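User: I'm new to this one and would like to learn how to read its helices. Can you walk me through it?

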Amino acid sequence: MIVCLCHNVSTGDIAREAAGCCSFESLQEQTMVGMSCGACVSCARDTFHEHKADQPDSGESLVPAFLTQAAAHV
Ligand code: FES
């Protein structure tokens with residue numbers, strides 16, 4: 001299924017790219033998904049996180065970055 005009409009990005013593309021992307025923003029850099037009209041961002045983000053959750057080590061921390069950065073300065 002095509003998720004992003006502007007950049008012709010499918011759910012399969014997102015699933016495949018999710019393995020090598022540590023964040024949704026990284027996925028956007030790789031595929032351009034959601035970088036034009038933005039109508040697909042919510043669906044694309046959901047699809048990305050569904051596929052990242054399927055991977056044993058997603059590389060994404062559940063702790064927000066600002067908390068880990070703040071803890072490093074304590
Ligand atoms: S549909 Fe994805 S940016 Fe327009």
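User: Is the crossing of helix 1 and helix 3 left-handed or right-handed?

Analyst: Keep in mind that this is a predicted model. Here, helix 1 and helix 3 make a right-handed crossing.

User: At what angle do the axes of helix 1 and helix 3 cross?

Analyst: They cross at roughly 45°, and the axes come within 9 Å. An angle like that makes helix 1 oblique to helix 3.

User: Which residues meet where helix 1 and helix 3 come together?

Analyst: From helix 1, look for T11, I14, A15 and A18; on the helix 3 side they meet A44, T47, F48, H51 and K52.

User: Which residues of helix 1 are buried, and why do they line one face?

Analyst: Start with the general idea: an α-helix has 3.6 residues a turn, so residues three or four places apart point the same way. In helix 1, which spans residues 11-18, the buried ones are D13, I14 and A18. Viewed down the helix axis, they fall within an arc of 130°, so they line one face.

User: What do those buried residues of helix 1 pack against?

Analyst: Their partners are strand 1 (2-4), strand 2 (9-10), helix 2 (24-31) and helix 3 (41-53).

User: How many residues are in the largest nonpolar core?

Analyst: In soluble globular proteins, nonpolar side chains tend to be buried together. The largest nonpolar core here has 12 residues, including I14, A18, F24, A44 and F48. Strand 1, helix 1, helix 2 and helix 3 each give two or more residues to this core.

User: And what does F24 touch, leaving out residues up to four places away in sequence?

Analyst: With those set aside, F24 touches R45 and F48.

Definitions and conventions. Residues numbered from 1 in each chain as written. Predicted model: local features only at pLDDT ≥ 70, side-chain atom pairs only at ≥ 80, totals over all residues. Buried ≥ 20, exposed ≤ 12 C-beta atoms within 10 Å, placed from the backbone. Helix = DSSP H or I, 4+ residues; strand = E, 2+ residues; numbered from the N terminus. Arc of directions from axis to C-beta. Contact = placed C-beta atoms within 7 Å. Core = buried A, V, L, I, M, F, W, Y, C linked by C-beta atoms within 7 Å. Axes fitted to C-alpha atoms, helices over the stretch in contact; angles between N-to-C directions. Parallel < 35°, antiparallel > 145°, perpendicular 65-115°, else oblique. Left-handed = near helix turned anticlockwise from the far one by under 90°.
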